[in-house]
Amino acid sequence: MLSEEIKKDFPVINNNDIAYLDSAATSQKPQSVIDAEKEYYETFNSNPHRGAYSLSIKATEAYENAREKVAKFINAENPYQIIFSKNATESLNLVAHSYGLTNIKENDEIVLSIMEHHSNLVPWQFVAKTKNAVLNYMYINDNYELSDEEIESKITSKTKVVGITYISNVTGTINNVKKVIEVAHSNGAVVVLDASQAVSHIKIDVQELDADFVIFSGHKMYAPMGIGVLYGKKELLNKMTPFLMGGDMIEYVYEQDTTFATLPNKFEAGTQNVGAAVGLSKAIDYIESIGFENIKTIENDLRDYAVQSLAKLDFIELYMTPNRENHAGVISFNIKGVHPHDVASILDMNGVCIRSGNHCAQPLMRFLNIDSTCRISFAIYNTKSDIDKLIEALKKTYEKFKMYI
Ligand SMILES: Cc1ncc(COP(=O)(O)O)c(C=O)c1O
């Protein structure tokens, strides 16, 4: 029942007769987030950190309050450890360039899980190639999970950086990131935790996790597009050189030399997205008003209902762990013999929005020996009726294609 109430807060869901099952790509935004961004542009839009007039001071305050809100939300020690970027991809590139290129040396090892989104993979390929370092992968087992043995055997004393996604955006596997962090630290490596698929579903406590870098995008957690987050341990961030250079990230600039600002400004060159930061702050309020316990109950219920319903269709192939406690609200599947893009198009005609393709995880697809999948993913506004609609549309799709299979 709670989900039916929650649904009313999301205009895109109310204004379209759809089952929106693509929240892993981007979530819909509640009215409060839309209103907050609109209010910023209607009443105090101005360039932060620059003006001495009250409008600019208000914009600066709103921007810095958003930083404090994010810090509290993930239990960071200090707000200055929160760096705003434009999305998770930019945050991941920041770490690869500013930390990776300085600290990775020839023959050092970078270890990634094979589940990484291209955003936490391609930048590390660049670092490995540039520095003549070795890029190794931790592979998943038949249950689509990383085993402890795999983690322990791939992370070695030569490993300097480990990149791991908290939740796979393809299989929905929730990785044992605590184990990864523990093994990495015991080998002297730092961990880059991609929390893009986790941050709106699981409570992230950076101190409890002891993660070195944690990254996520606002737009997957009910906030506007155009804002991303990087959390870093302060001793690491302080030692890193800036990624982007220009206005607002400097202390003094001379003709031939520059000294840089302190954290967080050192990593925030140019005019920042205040409107999106204001929206992100409201999105955190929204998540906290529902609470992670309720979110877990809603999304686990949906996951269980969807898995049971899909398992009844004998023409469906599922790519997911059988261990429910390690599986989030992301489910990949195929109709045997039908291309996922065809499935997605027919579902769309029936008012069901899903994702089809390789999900920016081509190495994982190759490892699984498949080309692409259909993917559904849930957020707190989904209900069982969305899944019923999906199942009916899948049956129709199969009917249309079965003579060709
Ligand atoms: C696990 C994961 N990491 C990173 C990203 C990249 O996020 P963005 O496109 O917001 O930079 C995504 C987007 O789908 C993702 O699922």
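Me: Which residues line the second largest cavity, and which kind makes up six of them?
Reply: In this predicted model, the second largest cavity is lined by Ser-23, Ser-27, Ser-196, Gln-197, Ser-200, His-201, Lys-220, Tyr-222, Phe-378 and Ala-379. This lining draws at least three residues from domain 1 (2-28 + 291-397) and at least three from domain 2 (33-287). Sorted by kind, the lining holds one charged residue, three nonpolar residues and six that are polar.

Me: What volume does the largest cavity have?
Reply: The structure contains two cavities of 30 Å³ or more, and the second largest cavity has a volume of about 40 Å³. For the largest cavity, the space inside comes to about 60 Å³.

Me: How much of the ligand's exposed area does the protein bury?
Reply: The ligand sits in the second largest pocket, where an oxygen atom of the ligand is 2.5 Å from an N or O atom in the side chain of Thr-89. An oxygen atom of the ligand is likewise 2.5 Å from an N or O atom in the side chain of Ser-217. Taken alone, the ligand exposes 400 Å², and of that area the protein buries 88%.

Conventions: Residues are numbered from 1 along each chain as its sequence is written. This is a predicted model: local features need pLDDT of at least 70, side-chain atom pairs count only at pLDDT 80 or more; totals for chains, interfaces and linings use all residues. Side-chain values use heavy atoms; hydrogens and water are left out. A polar contact is a pair of N or O atoms within 3.5 Å; within protein, one must be able to donate a hydrogen and the other to accept it, and residues adjacent in sequence count only if both atoms are side-chain atoms. Accessible areas come from the Shrake-Rupley method with a 1.4 Å probe; for residues, only the protein chains shown count as cover. On a 1 Å grid over the protein atoms alone, a cavity is a set of points where a 1.4 Å probe fits but cannot get out, and a pocket is an open set with protein on both sides within 12 Å along at least five of seven lines; lining residues have an atom within 4 Å of a point. A molecule sits in a cavity or pocket if more than half of its atoms lie within 2 Å of its grid points. Grid points are joined across faces, edges and corners, and a volume is the space filled by probe spheres set on the points. Ala, Val, Leu, Ile, Met, Phe, Trp, Tyr, Cys and Pro count as nonpolar, Asp, Glu, Lys and Arg as charged, and the others, Gly among them, as polar. Domain bounds come from an automatic or database domain assignment.
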